[in-house]
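This report is written for a reader meeting the structure below for the first time. It begins with a single residue and then widens to the whole chain.

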Amino acid sequence: MTRKNWGKGLLSFVLILSLGIAGCGMKKQTVSTDEKRENSQREIVIGFSQLGAESDWRSANTQSMKETFTSDKGYRLIIEDGQQQQANQIMAIRKFIQQDVDYIVLAPVTETGWDTVLEEAREAKIPVIIVDRKVDADGSLYQCWVGSDFNLEGKKAVEWLHQYLVSKDIPDNEVNIVDIQGTIGASAQIGRTNGLLEGVDKYGWNLLDMTVGDFTQAKGREVMEDFLKKYDNINVVYCENDNEAFGAIEAIEDSGKKVGSDIAAGDIMVISFDAVTKNTMKHILQDKITFAAGCNPHHGPRVEAVIQQLEAGKKPDKYSFVEERIYSHDATVPSIELNGTNYPVTVVTKDTMEEFE
């Protein structure tokens with residue numbers, strides 16, 4: 001090959017090589033665009049550590065999460081049932097970290113003891129959202145909390161009882177209360193117990209006893225049976241959730257006593273919390289539960305809103321309270337007022353029951 005021909009050949013080779021490099025560059029740009037498109041449509045994986053299935057409220061809370069975080073909406077929800085044990089929940093969170101989920105949602109069994117595992121989640125750069133009960137931990141260890149104002153729930157029940165007693169001319173010193181508490185250390189227990197204690201101190205009611213019922217029907221019945229053996233003058237039972245109330249009602253009726261709102265005639269009034277099922281509404285309609293402070297279990301949509309804010313690079317509110325109603329057997333107390341806010345009381349009817357599954 002002559003020098004001239006060799007030069008032409010070299011030039012051709014360089015041109016071909018340049019085109020090849022340019023072509024690779026164009027292909028790389030196309031792949032990058034596809035990758036961006038895939039990322040925008042990626043599946044969001046959520047690890048949910050649920051504390052257990054001890055009550056109707058808890059089952060409704062789990063169902064809300066399942067109905068919200070579905071595959072057709074681009075989510076994959078992994079649920080771990082802690083069976084009421086904090087150790088199980090800590091193991092679940094560590095499992096989620098190993099699985100490299102996008103978000104961790106925690107419904108803690110108690111408020112304390114979470115710092116170490118939440119720090120592990122932060123080091124793994126996995127945002128944590130707390131639901132229902134709160135955690136007593138550094139606020140920087142979790143993104144936000146979604147749930148109920150349990151102390152306010154307790155205050156609502158106490159103020160309703162006060163107004164009811166006034167309307168019936170029942171003296172405060174004739175009110176004899178027993179409290180079936182929830183799981184000790186849980187936010188719901190702390191808030192609802194404190195609400196009652198504040199009311200007892202304010203109005204001078206007689207608080208005969210307080211015992212843990214663990215938010216379960218079986219334990220509620222057991223505790224109430226013990227109360228009835230110890231005291232013959234109980235006229236108000238303050239149950240810190242509906243399942244405890246169901247158990248207490250069974251114990252009261254089995255003892256030959258009557259549940260109901262007519263304290264002056266010897267009834268034992270049952271006050272409850274949660275009000276999430278048709279069964280609870282049935283008990284209120286029949287005056288077996290005279291008053292119930294609602295506790296909204298439908299956290300799924302609010303948690304989804306938080307996740308979408310985080311996905312968009314926004315900062316959600318640290319605390320997000322859900323809206324809740326209060327229910328009564330009759331219209332003796334049409335509404336209550338606390339700190340300048342008026343809360344209407346819903347009188348349960350058969351139509352009200354149709355709103356519940």
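Leaving out residues up to four places away in sequence, Ser 55 touches Phe 215, Asn 241 and Asn 243 in this predicted model. Ser 55 sits in the loop that joins β1 and α2. Its relative accessible area is 6%, so Ser 55 is buried. Along the chain, Ser 55 and Phe 215 are 160 residues apart, yet their C-alpha atoms are separated by 6.6 Å.

Phe 215 also lies in a loop, the one between β7 (206–212) and α7. With a relative accessibility of 4%, Phe 215 counts as buried. Its backbone deserves attention, for Phe 215 has a positive phi of about 65° although it is not a glycine. Most residues other than glycine have a negative phi. Lys 125 is another non-glycine residue with a positive value, its phi being near 60°. Lys 125 is found in the loop between α4 (115–123) and β4 (128–131). Is Lys 125 buried or exposed? Its relative accessible area is 73%, and because exposed means over 50%, Lys 125 is exposed.

**Helix α2**

Helix α2, which covers residues 56–68, has 13 residues. From its first C-alpha to its last, α2 reaches 18 Å, close to the 18 Å expected at 1.5 Å a residue. The buried residues of α2 are Trp 57, Arg 58, Ala 60, Asn 61, Thr 62, Ser 64, Met 65 and Thr 68. Their cover includes the strands β1 (44–50), β2 (75–81), β3 (103–106) and β9 (269–274), together with helix α10 (300–311).

**The nonpolar cores**

The largest nonpolar core has 28 residues, and Met 224, Ile 234 and Val 237 have the most contacts inside it. Two or more residues of this core come from each of β6 (176–181), α7 (217–230), β8 (236–239), α8 (242–254) and α9. Among these elements, α8 gives the most, with six residues. Which residues does Met 224 contact, apart from its neighbours within four places in sequence? They are Val 178, Ile 180, Ile 234, Val 237, Ala 248, Ala 251 and Ile 252. A second core of 27 residues is separate and includes Val 158, Tyr 164, Tyr 238 and Phe 273.

**Further buried positions**

Thr 280 is placed in helix α9, which spans residues 278–285. Beyond residues up to four places away in sequence, Thr 280 touches Asp 242, Phe 246, Ala 275 and Ile 289. Leu 165 belongs to helix α5 (residues 150–167). Setting aside neighbours within four places in sequence, its contacts are Ile 170, Asp 172, Val 175, Trp 205 and Ile 263.

| Residue | Relative accessibility | Class |
|---|---|---|
| Thr 280 | 0% | buried |
| Leu 165 | 0% | buried |
| Cys 144 | 0% | buried |
| Cys 239 | 0% | buried |

A disulfide is a covalent bond between the sulfur atoms of two cysteines. How many disulfides does a search of the whole structure find? The search finds zero.

**The protein as a whole**

The protein has 11 helices and 14 strands. It consists of 357 residues, of which 49% count as buried. Among the contacts with a separation of 6 or more, 71% are made by residues 24 or more positions apart. The accessible surface comes to about 17,300 Å², and carbon and sulfur atoms account for 49% of this area.

**Confidence in the model**

The average pLDDT of the protein is 90, and 88% of the residues score at least 70. Residues 1–39, however, have a pLDDT below 50. Beyond near neighbours in sequence, this stretch has one contact in the model. Where pLDDT is low, the predicted coordinates should not be read in detail.

Key. Residues numbered from 1 in each chain as written. Predicted model: local features only at pLDDT ≥ 70, side-chain atom pairs only at ≥ 80, totals over all residues. Heavy atoms only, no water. Helix = DSSP H or I, 4+ residues; strand = E, 2+ residues; numbered from the N terminus. Buried < 20%, exposed > 50% of the residue type's maximum accessible area, 1.4 Å probe, protein only. Contact = heavy atoms within 4.5 Å. Areas by Shrake-Rupley, 256 points an atom, 1.4 Å probe, with all protein chains shown as cover. Core = buried A, V, L, I, M, F, W, Y, C linked by side-chain atoms within 4.5 Å. Expected span 1.5 Å × (residues − 1). Disulfide = S-S within 2.5 Å. pLDDT = per-residue confidence, 0-100.
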